Amino acid sequence: MLIDASPTTFSAIYMVSGYVDLRKNIDGLAGLLITKYDCYPYTEKVLYLFCGRCAYKIKGLVWEKNGFLLLYKRLKESRFKWERNESKGLIRITYEEFLRLMTEGSID
């Protein structure tokens, strides 16, 4: 699904820098966005991406009309290259960077 996303699937895509405990569920991830980043995650078509210490797994959170969709991706043989400096906060990425992240594991 994520690799097949079109440029209009998401109006904005954000990487959450640093490490996030991927045991968090929808409410935990949404709460993190609200409390730590002063961000309102209930905006349609905005995708937030989270990465844990194991850089081969990420979670995505997106609000749809009537609830959240939680996405999970685990790479088989490689790792995501993720911004680990937590002070960078939410990093907005382009659709092209998102595609590279989904296919190559890196936005570089």
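Is Lys65 buried or exposed? Lys65 is exposed, because its relative accessible area is 70% and the cut-off for that class is over 50%. The model discussed here is a predicted one. Its strands form an open sheet of five, in the order S4-S3-S2-S1-S5, with mixed pairing. Four salt bridges are also present in the structure, and one of them involves Lys65.

**The sheet as a whole**

- Strands of a sheet pair through backbone hydrogen bonds, and the pairing may be parallel or antiparallel.
- The edges of this sheet are formed by strand S4 (67-74) and strand S5 (90-93), each of which pairs on one side only.
- From one strand to the next, the twist averages 25°.

**How the strands pair**

- Strand S1 (residues 12-16) and strand S2 (residues 46-51) run parallel and are joined by four bridges.
- S2 pairs with S3 in the antiparallel sense, over five bridges.
- Tyr48 faces Leu61 of S3, while Phe50 has Lys59 of S3 as its bridge partner.
- A hairpin of five joining residues leads from S2 to S3.
- S3 and S4 also run antiparallel, with eight bridges between them.
- Lys57 has Arg74 in S4 as its bridge partner.
- The hairpin formed by S3 and S4 has two residues between the strands.

**The helix and its crossover**

- Helix H1 (residues 26-37) lies across S1, S2, strand S3 (57-64), S4 and S5.
- The direction of H1 is at about 80° to that of S3.
- Together, S1, H1 and S2 make a β-α-β unit, and this unit is right-handed.

- S2 is mostly covered, with six of its six residues buried.
- S3 is largely enclosed by the rest of the structure, because six of its eight residues are buried.

**Salt bridges**

- Arg23 and Asp21 meet through their side chains in a salt bridge, with an N to O distance of 3.0 Å.
- Arg23 counts as exposed because its relative accessibility is 73%, whereas Asp21 is partly exposed, with a relative accessible area of 34%.
- Glu44 forms a salt bridge with Lys65, and their closest N and O atoms are 3.8 Å apart.
- Glu44 lies in the loop between H1 and S2, and Lys65 lies in the loop between S3 and S4, so this pair ties together parts that are 21 residues apart in sequence.
- Glu44 counts as partly exposed because its relative accessibility is 39%, whereas Lys65 is exposed.
- Glu83 and Lys88 form a salt bridge in which the closest N and O atoms are 3.6 Å apart.
- Glu83 is partly exposed, with a relative accessible area of 27%, and Lys88 is partly exposed, with a relative accessible area of 47%.

Notes. Residues are numbered from 1 along each chain as its sequence is written. Side-chain values use heavy atoms; hydrogens and water are left out. Two strands pair if DSSP finds at least two bridges between them. Axes are lines fitted to C-alpha atoms, for helices over the stretch in contact, and angles run from 0 to 180 degrees between N-to-C directions. Contact means heavy atoms within 4.5 Å. Buried means under 20% relative accessible area, exposed over 50%, partly exposed in between (1.4 Å probe, protein chains only). A crossover is right-handed if, with the strands pointing away from the viewer, the path from the first strand over the helix to the second runs clockwise.
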